[in-house]
Amino acid sequence: MGKKLFITRKLPNEVIEPLQAKYDVEMWDKEDVVIPRHVLLEKVKDAEGLMTMLSEKVDEELFQHAPKLKVVANMAVGYDNIDIQAAERANVIITNTPDVLTESTADLTFSLLLATARRMIEAAEYVKNNQWKSWSPLLLAGHDVHRKTIGIVGMGSIGEVVAKRAKGFDMHILYYNRSRKKRAEEELHAQYVSFEELVSQSDFIVCLTPLTTETKNLFTKEVFQQMKPSAIFVNASRGPVVNEDDLYSALVEGEIAGAGLDVFSEEPISGEHPLLQLKQVVALPHIGSATTETRYKMMELCVQNIDRVFSDGTPLTPVK
Ligand SMILES: NC(=O)c1ccc[n+]([C@@H]2O[C@H](COP(=O)([O-])OP(=O)(O)OC[C@H]3O[C@@H](n4cnc5c(N)ncnc54)[C@H](O)[C@@H]3O)[C@@H](O)[C@H]2O)c1
Ligand SMILES: O=C(O)[C@H](O)CO
């Protein structure tokens, strides 16, 4: 019997075939249902490799249930669902899926900015609901994007590509990051500013940081109050970087003009959530990287990472 691998979501056959040829592979059999925790803890008991989605919590408890585990390949670039210190203690290698999803996620992030600014979802529903009576001067008028100021919080791989998209719209680019990004400054004329300057000067504030103890609750009431009343906030990082109650108040009080959200504190967010009742909110179901091409690349990278850990111990994209 080969090494046992467990995959926490049903994946297409052609993706797992290379693993099946070498390992004893078992998969949770649902595509759109998260594996119950107790089932996961049972399944990892004799697993040496695990492929997870961002919906699975990989923590001390899981490692204690998985004494043979050598590698966890997370199908996401973000790994806030994984306790990295606990993995180190358990001597388990963690891998993620950087780079392969950068362009697709940047495309979606910039589309979300455009959709929110130009009220595209509201306008499409207006037509479908048979509300359109005539062309009129200010019908569904939104905000211009071209030549406005975009402020990118978290100028990493995706942030830089969003900045590239913004340059095509002749936008003035501000950024705030843990460190200066010389390339973005030279090639895109992005200007490094403090977080406070960024939020107060930008027309569009786009968050693309990882979720960490530092970025949790980064956007609070005080921060929204510093923004322009015409500002649009876009979040494509992780829900908990924002205090959603504060965001709701800022939108209702008119402290900011709109929000484009691909991620939420609780996913899936309930359709009854107050934020979703606001017409100035465009909400998407965490689809930043969701193109068929990119999702296949992410799955294939996970497969390669697991295989390389067992063949020569050199995963392509280990979390450092
Ligand atoms: N919506 C989606 O579907 C989707 C898709 C991909 C990634 N993401 C999220 O986007 C994040 C970024 O992805 P990436 O590939 O660009 O990662 P990355 O590591 O290349 O970039 C993250 C950037 O954030 C900066 N940063 C970290 N902590 C910071 C802080 N406290 N203040 C300011 N800057 C800080 C880092 O210096 C880095 O430049 C992921 O961690 C993930 O949470 C979401
Ligand atoms: O972190 C990630 O990769 C996304 O949230 C899913 O692609």
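In these legends, Ala, Val, Leu, Ile, Met, Phe, Trp, Tyr, Cys and Pro count as nonpolar, Asp, Glu, Lys and Arg as charged, and the others, Gly among them, as polar. The structure is a predicted model, in which local features need pLDDT of at least 70 and side-chain atom pairs count only at pLDDT 80 or more, while totals for chains, interfaces and linings use all residues. Residues are numbered from 1 along each chain as its sequence is written, and chains are lettered from A and ligands numbered from 1 in the order in which they are written.

**View 1. The shell around ligand 1.** Ligand 1 is surrounded by 31 residues, each with its C-beta atom, placed from the backbone, within 6 Å of the ligand. Gly78, Gly154, Gly156, Pro210 and Gly288 are the closest. The shell comprises 11 nonpolar, 16 polar and four charged residues. Helix α7 (157-168) gives the most to this shell, with three residues; helices here are DSSP runs of H or I with at least four residues, and strands are runs of E with at least two, numbered from the N terminus.

**View 2. The shell around ligand 2.** Leu54, Ala76, Val77, Gly78, Leu101, Gly288 and Ser289 lie around ligand 2. Four of these residues are nonpolar and three are polar, with no charged residue in the shell.

**View 3. The nonpolar cores.** A nonpolar core is a set of buried Ala, Val, Leu, Ile, Met, Phe, Trp, Tyr and Cys residues joined through C-beta atoms within 7 Å. A residue is buried if 20 or more other C-beta atoms lie within 10 Å of its own, exposed if 12 or fewer, and partly exposed in between, with C-beta atoms placed from the backbone. In the largest core, of 53 residues, Ile152, Ile205 and Val206 touch the most other members. Helix α5 (residues 102-117) gives the most to this core, with seven residues. Apart from this core lies another, of 38 residues, among them Leu69, Val77, Ile93 and Met298.

**View 4. The open sheet.** Seven strands form an open sheet in the order β8-β7-β6-β9-β10-β11-β12, with parallel pairing; two strands pair if DSSP finds at least two bridges between them. Because β8 (191-192) and β12 (281-283) at the edges each have a single partner strand, one side of each is left without a neighbour in the sheet. Strand β11 (residues 258-261) is joined to β12 by three bridges, and Ala259 has Val281 as its bridge partner in β12.

**View 5. Glu222 in helix α10.** Glu222 belongs to helix α10 (residues 221-226). Glu222 counts as exposed because it has 10 C-beta neighbours inside 10 Å.
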